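Please keep the sequence open while going through them.

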Amino acid sequence: MPDHAPTLAVIGGGQLARMMAQPAIALGLPLRLLAESEGVSAAQVIPDQLVGDYRDLDTLRAVTAGCAVVTFDHEHVPTEHLHALEADGVAVRPGPEALVHAQDKGVMRERLAELGVPCPRNALVASVAEVESFGFPCVLKTTRGGYDGKGVWFVRSAEDCAEPLRVAADTGVRLLAEELVDFRRELSALVARSPSGQAAAYPVVASTQRDGICHEVVAPAPDLDPGLAASAQEVALRIAGALGVTGILAVELFETTDGRILVNELAMRPHNTGHWTQDGAVTSQFENHLRAVLDLPLGSPAPRARWTVMVNILGSHDPSVGRLYDGFPHAMARDPQLRVHLYGKDLRPGRKVGHVNAYGDDLEDCLERARHAAAWFRGDLGNESE
């Protein structure tokens with residue numbers, strides 16, 4: 001028998017698990033996948049797999065049997081199940097005490113306030129009267145289960161509160177009210193942290209959103225004050241240490257118009273705003289996540305090029321758009337330095353099905369190249385410069 005490295009279980013079969021597979025191959029790390037259904041993104045590239053429900057403890061125990069460590073493609077595994085796996089002797093990374101802060105926005109806001117981390121003004125609310133007391137306009141968020149703009153509402157009147165209050169009542173989750181922040185742009189500070197406490201901080205990036213979905217990332221964030229960039233990295237490292245995060249932590253931030261940073265969201269897994277690292281950093285977020293959860297020395301987060309631009313490829317609303325593969329001849333011939341990452345997903349309007357990375361010394365050139373390629377793949381070339 002070959003001398004194998006420890007097997008790492010990954011819960012969730014999305015593109016984040018898929019993109020862990022490539023560095024795992026290079027490092028000789030066996031992965032075992034819990035996929036939600038046959039043929040999902042990660043199941044196409046990780047042969048050791050089980051199909052099942054991540055909400056079922058027996059299924060989680062089956063997929064982690066014999067594994068040294070379990071980590072995650074998403075944050076939705078029930079907290080009590082993670083405690084049960086720990087009690088079974090499985091190293092859960094990130095652990096449930098840390099992960100709950102990414103699972104529950106109410107818990108996250110309370111803990112960040114205790115740490116003195118700058119956040120938007122916020123309060124838990126359960127009625128129209130409490131939202132009115134908080135003040136219109138504001139943002140209402142479900143404390144659990146929301147992502148990519150789901151579970152988020154901008155409310156300006158009592159009438160606007162009806163849907164979020166109904167959703168909260170139907171699902172049994174709490175609602176969090178947050179102030180509407182006057183921000184210049186959105187930033188992301190990505191760090192990796194190992195159980196032994198080693199940490200690495202990537203350059204702070206700027207991201208833009210469309211319909212609540214990350215559309216574009218520029219690394220590093222252009223024209224960002226060096227002091228503010230250092231503050232953002234310090235905040236991310238402080239949160240990772242205080243919460244005991246193992247693996248990648250993405251801290252999504254607002255850069256306010258008066259020159260401050262406020263923490264918007266936390267994610268404890270590889271993150272869309274870190275996809276640029278696959279081609280633009282010495283060590284990608286996916287490799288550093290694997291290194292961190294196995295307590296291996298972390299790789300350098302330094303950028304390989306002055307600029308890297310990541311643009312997501314979303315499923316087209318045009319039913320005539322064919323296979324993404326058909327976009328390769330044009331995109332590759334036009335830009336031999338372009339890096340394309342497709343997820344093996346069925347095309348649906350607005351669904352993340354891939355991304356492109358362009359890097360170089362000229363930011364405007366990188367932006368044009370990445371935007372053109374993403375627009376070409378989605379069959380929407382008329383909008384590539386919007």
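1. Basis. The structure is a predicted model, in which local features need pLDDT of at least 70 and side-chain atom pairs count only at pLDDT 80 or more, whereas totals for chains, interfaces and linings use all residues. Residues are numbered from 1 along each chain as its sequence is written, and side-chain values use heavy atoms, with hydrogens and water left out.

2. Overall form. The chain holds 12 helices and 18 strands, these being DSSP runs numbered from the N terminus (H or I, at least four residues, for helices; E, at least two, for strands). The C-alpha trace spans about 65 × 55 × 45 Å along its principal axes. For 386 residues a compact globule would have a radius of gyration near 21 Å, and the chain agrees with 21 Å; the radius is taken over C-alpha atoms, and the globule rule is 2.2 Å times the number of residues to the power 0.38.

3. Of the 386 residues, 55% count as buried, where buried means under 20% relative accessible area, exposed over 50%, and partly exposed in between (1.4 Å probe, protein chains only). Among contacts (heavy atoms within 4.5 Å) with a separation of 6 or more, 64% come from residues 24 or more positions apart.

4. Cores. A nonpolar core is here a set of buried Ala, Val, Leu, Ile, Met, Phe, Trp, Tyr and Cys residues joined through side-chain atoms within 4.5 Å. The largest has 45 residues, of which Ile239, Leu249 and Val263 touch the most other members, and helix 8 (residues 226–243) gives the most to this core, with eight residues. Leaving aside residues up to four places away in sequence, Ile239 touches Leu112, Val117, Leu249, Val251, Val263 and Leu266. A second, separate core of 22 residues includes Val10, Leu16, Ala21 and Leu33.

5. Helix 3. In helix 3 (residues 79–87) the buried residues are Thr79, His81, Leu82, Ala84 and Leu85, and their cover includes helix 2 (57–64), strand 4 (69–72), strand 5 (91–92) and helix 4 (96–103). After helix 3 comes Gly89, which has a positive phi near 100°.

6. Second largest pocket. This pocket has a volume of about 360 Å³ and is lined by 21 residues, with Gln22, Gln278, Asp279, Arg339 and His341 nearest its centre. Its lining divides into 10 nonpolar, six polar and five charged residues. Helix 1 (15–27), helix 9 (277–280), helix 10 (285–293), helix 11 (328–334) and strand 17 (339–342) each supply at least two lining residues. On a 1 Å grid over the protein atoms alone, a pocket is an open set of points where a 1.4 Å probe fits, with protein on both sides within 12 Å along at least five of seven lines, and lining residues have an atom within 4 Å of a point.

7. Backbone details. The peptide bond from Phe136 to Pro137 is cis, with omega near -10°, and Pro137 sits in the loop between helix 6 (128–134) and strand 7 (138–142). Another cis bond joins Ala219 and Pro220, with omega about -5°. Asp223 lies in the loop between strand 13 and helix 8; its phi is positive, near 55°, and Asp223 is exposed at 70% relative accessible area.

Definitions and conventions:
Grid points are joined across faces, edges and corners, and a volume is the space filled by probe spheres set on the points. Ala, Val, Leu, Ile, Met, Phe, Trp, Tyr, Cys and Pro count as nonpolar, Asp, Glu, Lys and Arg as charged, and the others, Gly among them, as polar.
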